[in-house]
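Please examine the following chain with its fold in view.

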Amino acid sequence: MSTVVYKVTPDSKVETARLLMAEKNVGFLPVVDVRSLLGSVSEREILAVLSI
């Protein structure tokens, strides 16, 4: 059994992350480059950015 990991890159737009979270019903996305995990983005962080 395997699980799909949805992720974004540092170059991804906030809107891309928001749409992916909404479509896949996830509240958290890792931010990765080719070799490593750089950080993460959550629904709460997306909402904070969009409400500015």
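The model is predicted, so local features need pLDDT of at least 70 and side-chain atom pairs count only at pLDDT 80 or more, whereas totals for chains, interfaces and linings use all residues. Residues are numbered from 1 along each chain as its sequence is written, and side-chain values use heavy atoms, with hydrogens and water left out.

Helices (H or I, at least four residues) and strands (E, at least two) are DSSP runs, numbered from the N terminus. Beyond its neighbours within four places in sequence, V41 is in contact (heavy atoms within 4.5 Å) with V8, M21, G27, F28, L29, V31 and I46.

Helix α1 also holds both E15 and R18, three residues apart, about one turn of the helix. These two residues form a salt bridge, with the closest N and O atoms 2.5 Å apart; the term requires a side-chain nitrogen of Lys or Arg within 4 Å of a carboxyl oxygen of Asp or Glu. E15 is partly exposed at 37% relative accessible area, and R18 is partly exposed at 31%. Buried means under 20% relative accessible area, exposed over 50%, and partly exposed in between (1.4 Å probe, protein chains only).

N25 lies in the loop between α1 (14–24) and β1 (28–32). Although N25 is not a glycine, it has a positive phi of about 55 degrees. N25 is exposed, with a relative accessible area of 70%.
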